[in-house]
Amino acid sequence: MEGQNVEELLAKAERDEAEKLQRITVHKELELEFDLGNLLALDRNPPTGLRHAGPTQEAELRALARDNTQLLINQLWQLPTERVEEALVARLPEPTTRLPREKPVPRPRPLTRWQQFARLKGIRPKKKTNLVWDEVSGQWRRRWGYQRARDDTKEWLIEVPGNADPMEDQFAKRIQAKKERVAKNELNRLRNLARAHKIQLPSATGMHPTGHQSKEELGRAMQVARVSTASVGRFQERLPKEKAPRGSGKKRKFQPLFGDFAAEKKSQLEMLRVMNSKKPQMDVTRATNKQMREEDQEEAAKRRKMSQKGKRKGGRQGPGSKRKGGPPSQGGKRKGGLGGKMNSAPPALGGRRKGGQHHGGKRRK
Amino acid sequence: MRPLTEEETRVMFEKIAKYIGENLQLLVDRPDGTYCFRLHNDRVYYVSEKILKLAANISGDKLVSLGTCFGKFTKTHKFRLHITALDYLAPYAKYKVWIKPGAEQSFLYGNHVLKSGLGRITENTSQYQGVVVYSMADIPLIQVNVMITSPGRGTWLAP
């Protein structure tokens with residue numbers, strides 16, 4: 001008996017193995033092409049099973065997807081693995097399929113001013129050596145840049161030229177000239193950039209005080225000065241009588257006059273649709289008022305019946321539940337859950353409101 | 001002259017929808033031609049595409065009006081509907097009120113309409129509903145916004 005059990009167990013184990021193997025191995029007529037760098041598996045087998053059957057191909061499609069994914073995973077398991085921060089990771093090879101461009105080709109930039117001039121004059125860039133022999137320091141130095149060969153700001157002795165003011169500081173003059181050249185270069189670079197990207201450089205045309213400026217120009221200059229702080233003018237106080245300038249906001253952009261009429265129509269119809277869908281299908285006010293009117297009528301009818309029968313038992317019992325304006329639940333129908341204490345009605349309702357009195361009476365259905 | 005912005009269109013549609021409701025899409029999307037709304041000097045004009053193209057050739061300061069003026073935007077960007085919109089609103093009106101010939105003159109000179117002067121009225125008209133007022137000969141007179149009911153509930157005008 002034990003032997004039988006063991007045999008059964010072994011058979012079961014063998015069957016399980018076979019099943020697992022069957023699940024893992026997939027038989028395909030044509031081998032799949034793999035691009036593991038992109039995790040891509042390309043199946044060139046003709047999809048015979050999918051052509052003839054009707055619209056619902058769910059089961060076949062799913063089986064196909066499972067098979068192909070299994071093959072891809074099998075390939076992935078054969079890759080060399082490594083350990084990265086306690087996780088076992090497969091190293092993917094380089095992708096072989098070339099993916100198309102994500103963004104469009106960059107458009108050619110417009111030529112800078114120098115390039116235009118050079119092209120016009122036919123000036124070609126001369127080939128120059130990188131290093132120049134510097135006599136003063138006795139070594140090869142670069143042509144331009146850090147520790148360059150002939151840096152006139154670094155000279156320790158400058159002769160005062162004959163026509164210059166003896167009190168003038170020649171060293172400071174050279175440093176100043178260099179700063180101006182650097183600033184000019186930077187300005188030209190920014191201008192070229194602005195031309196390339198078709199944006200306007202913020203100009204400083206009216207900002208230098210000349211003494212002949214109009215009131216508007218001075219106002220504009222003042223505004224620019226006010227905004228030219230580190231906090232972009234947020235903490236600048238105004239003088240007691242200074243007024244905020246008009247028209248200093250961003251200029252609005254409108255749609256063109258003849259734009260696409262169909263698109264305009266479509267957007268308007270869409271807006272109308274949204275507007276109509278937002279309106280409540282049932283007007284809550286009307287519903288409550290209707291409800292209250294019906295109740296009143298019923299009550300009046302009942303009272304009339306009571307008075308006809310002539311029963312008066314020391315105080316009215318029947319219509320003991322005083323009606324109050326209470327908001328019904330969303331469908332306008334009153335459900336049993338609203339029984340008991342009612343909150344006071346919201347002011348939007350046109351019905352009567354009994355200010356805060358609570359009656360413990362039963363609510364009629 | 002420019003097209004309306006989203007915000008302005010929304011405000012205007014909300015106002016017009018008070019009178020004609022969802023029939024507004026028949027104004028926007030017409031089978032017999034492309035009509036559009038354009039803003040000129042704070043006034044909204046309802047104009048066909050043909051006329052619009054002609055009007056574009058006139059400079060803005062010389063252009064007085066084009067198409068049909070539906071109304072204008074006030075300084076605080078609220079939309080005020082004008083009587084010139086009546087020809088387009090009257091056919092699509094949801095709630096109509098007819099006044100008797102006797103009360104018609106009095107109404108046209110600015111007085112209120114008493115209940116006795118009311119000829120017909122579409123049913124289920126609620127209080128404060130926007131309506132178009134007609135004379136007994138089915139001539140639209142004006143679109144009004146306020147309808148006052150007699151006090152107390154249980155009258156024929158109650159909601």
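This text walks through chain B and then a charged patch on chain A. The model is a predicted one.

Start with the overall build of chain B. Its secondary structure comes to five helices and nine strands. Read from the N terminus, the elements run β-α-α-β-β-α-β-β-α-β-α-β-β-β.

Next, look at how chain B is packed. The chain has 159 residues, and 42% of them count as buried. Now take the contacts in chain B with a separation of 6 or more. Residues 24 or more positions apart account for 54% of these. The accessible surface of chain B comes to about 8,700 Å². Carbon and sulfur atoms hold 53% of that surface.

One residue shows the buried side of chain B. B:His40 sits in strand β2, which covers residues 35-40. Its relative accessible area is 3%. Buried means under 20%, so B:His40 counts as buried. Leaving aside residues up to four places away in sequence, B:His40 touches B:Met1, B:Tyr45, B:Gly60, B:Leu63 and B:Val64.

Now move to chain A and its surface. A patch of positive charge gathers A:Arg113, A:Lys184, A:Arg191 and A:Arg195. Helix α5 of chain A, residues 170-197, gives the most to this patch, with three residues. A:Arg191 is found in that helix. Is A:Arg191 buried, partly exposed or exposed? Its relative accessible area is 39%. That value lies between the cut-offs of 20% and 50%, so A:Arg191 is partly exposed.

Note on methods
Residues are numbered from 1 along each chain as its sequence is written. Chains are lettered from A and ligands numbered from 1 in the order in which they are written. This is a predicted model: local features need pLDDT of at least 70, side-chain atom pairs count only at pLDDT 80 or more; totals for chains, interfaces and linings use all residues. Side-chain values use heavy atoms; hydrogens and water are left out. Helices (H or I, at least four residues) and strands (E, at least two) are DSSP runs, numbered from the N terminus. Buried means under 20% relative accessible area, exposed over 50%, partly exposed in between (1.4 Å probe, protein chains only). Contact means heavy atoms within 4.5 Å. Accessible areas come from the Shrake-Rupley method with a 1.4 Å probe; for residues, only the protein chains shown count as cover. Patches are made of residues with over 30% relative accessible area and no salt bridge: like charges are joined within 9 Å, nonpolar side chains (Val, Leu, Ile, Met, Phe, Trp, Tyr) within 5 Å. A salt bridge is a side-chain nitrogen of Lys or Arg within 4 Å of a carboxyl oxygen of Asp or Glu. Lys and Arg count as positive and Asp and Glu as negative; His and the chain ends are not counted. The place of a charge is taken as NZ of Lys, CZ of Arg, CG of Asp or CD of Glu.
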